[in-house]
Amino acid sequence: MSLKDLFIRPENNPKKQESNRNVNNPNTRDPRKEESNNNRPQPEPEPEPSAPTEQINMENIIHSHPEPEQEGENSSITEVNNVKKKRLWETLIKRNLPGPDMLELKSYSASLESMGLTQEKRYEAAFKMLKAQYPDFTKEKLLQSIDTYIRYINEEIESGRNQYAAKRKQTIGTKQKSLDDMVKENERIIKQIEELQKRNKELTNETEKLKAEITASTKEIAHDEQVFINSANSVICDLMTDKEEMSNINVDQ
């Protein structure tokens with residue numbers, strides 16, 4: 001059964017309560033009651049006047065378990081939603097087992113709260129009331145009914161998990177894929193940046209090395225060039241001096 005937003009408030013019937021299955025279907029047959037009728041010549045007696053005959057009250061059942069106190073910033077971990085809790089109790093009431101069981105006992109017990117009894121004493125008194133009406137009602141059957149209702153709630157948990165999984169997929173599935181793609185793209189860009197930074201460092205070192213080589217070569221070439229020019233000018237000077245000196249000599253023409 002899925003977790004639907006459904007609330008049913010059964011009307012009270014102060015005159016008579018047949019079996020707890022009559023909460024949803026008054027025509028449901030109680031096999032235990034029929035077996036009891038077959039073994040007795042007389043019809044089953046009506047409930048004693050002192051026994052409460054109201055139908056199962058969901059509010060009484062829920063209020064019999066006070067909510068745990070929330071503490072600290074991590075209170076959401078233990079958070080209980082009363083609306084969802086009511087829906088789950090509603091599910092148990094809709095799937096009420098035939099004959100008296102835990103639900104009827106809790107309802108009877110809640111009606112005795114004004115007597116000032118402890119919870120344990122109210123449960124004992126409620127059990128005796130049900131036992132008087134249904135002789136085949138035993139503690140073993142009571143505890144077995146609780147196990148059955150626990151199984152019902154576990155079924156609801158499984159159904160709820162499936163619904164939340166579907167909601168999660170519908171709500172964040174596409175966004176999660178986009179996020180994953182973005183993360184991958186960002187990682188690719190970061191890798192590219194790292195590779196470019198590495199290449200940039202390599203090129204920087206190479207350019208600095210080449211700059212140093214060019215500077216050294218430039219100075220060396222400039223020095224050699226100037227030495228060559230100086231040497232050539234020196235030769236020219238020598239030739240000019242030789243010309244001047246040779247111009248003054250007396251020789252026959």
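Arg95 is partly exposed, with a relative accessible area of 24% (buried means under 20%, exposed over 50% and partly exposed in between, with a 1.4 Å probe and protein chains only). The model is a predicted one, in which local features need pLDDT of at least 70, side-chain atom pairs need 80 or more, and totals for chains, interfaces and linings use all residues. Residues are numbered from 1 along each chain as its sequence is written, and side-chain values use heavy atoms, without hydrogens and water.

Arg95 takes part in a salt bridge with Glu155, where the closest N and O atoms are 3.0 Å apart (a side-chain nitrogen of Lys or Arg within 4 Å of a carboxyl oxygen of Asp or Glu). The two residues lie 60 residues apart and link distant parts of the chain: Arg95 is in the loop between H3 and H4, and Glu155 is in helix H6. Glu155 has a relative accessibility of 34% and therefore counts as partly exposed.

## Chain layout

The chain has six helices and zero strands (DSSP runs of H or I of at least four residues, and of E of at least two, numbered from the N terminus). Read from the N terminus, the order of elements is α-α-α-α-α-α.

Of the 253 residues of the chain, 21% count as buried. Among contacts between residues at least 6 apart in sequence, 73% join residues at least 24 apart (contact means heavy atoms within 4.5 Å).

## Nonpolar core

The largest nonpolar core has 17 residues, and the members that touch the most others are Met102, Leu103, Leu130 and Tyr149 (such a core joins buried Ala, Val, Leu, Ile, Met, Phe, Trp, Tyr and Cys through side-chain atoms within 4.5 Å). Two or more residues each come from helix H3 (82-94), helix H4 (102-111), helix H5 (119-133) and helix H6 (139-247). H4 gives the largest share, four residues.

With neighbours within four places in sequence left aside, the contacts of Tyr149 are Leu92, Arg95, Asn96, Leu97, Asp101, Met102 and Leu103.

## Other salt bridges

The structure holds seven salt bridges. One of them joins the side chains of Asp136 and Lys141, at 3.8 Å from N to O. Asp136 is partly exposed, with a relative accessible area of 27%. Lys141 also counts as partly exposed, because its relative accessibility is 29%.

Another salt bridge joins the side chains of Glu202 and Arg199, at 3.3 Å from N to O. Both residues are in helix H6, and because they are three residues apart, about one helical turn separates them. Glu202 is partly exposed at 33% relative accessibility, and Arg199 is partly exposed at 40%. Elsewhere, salt bridges that share partners join Arg95, Arg151 and Glu155 into one network.
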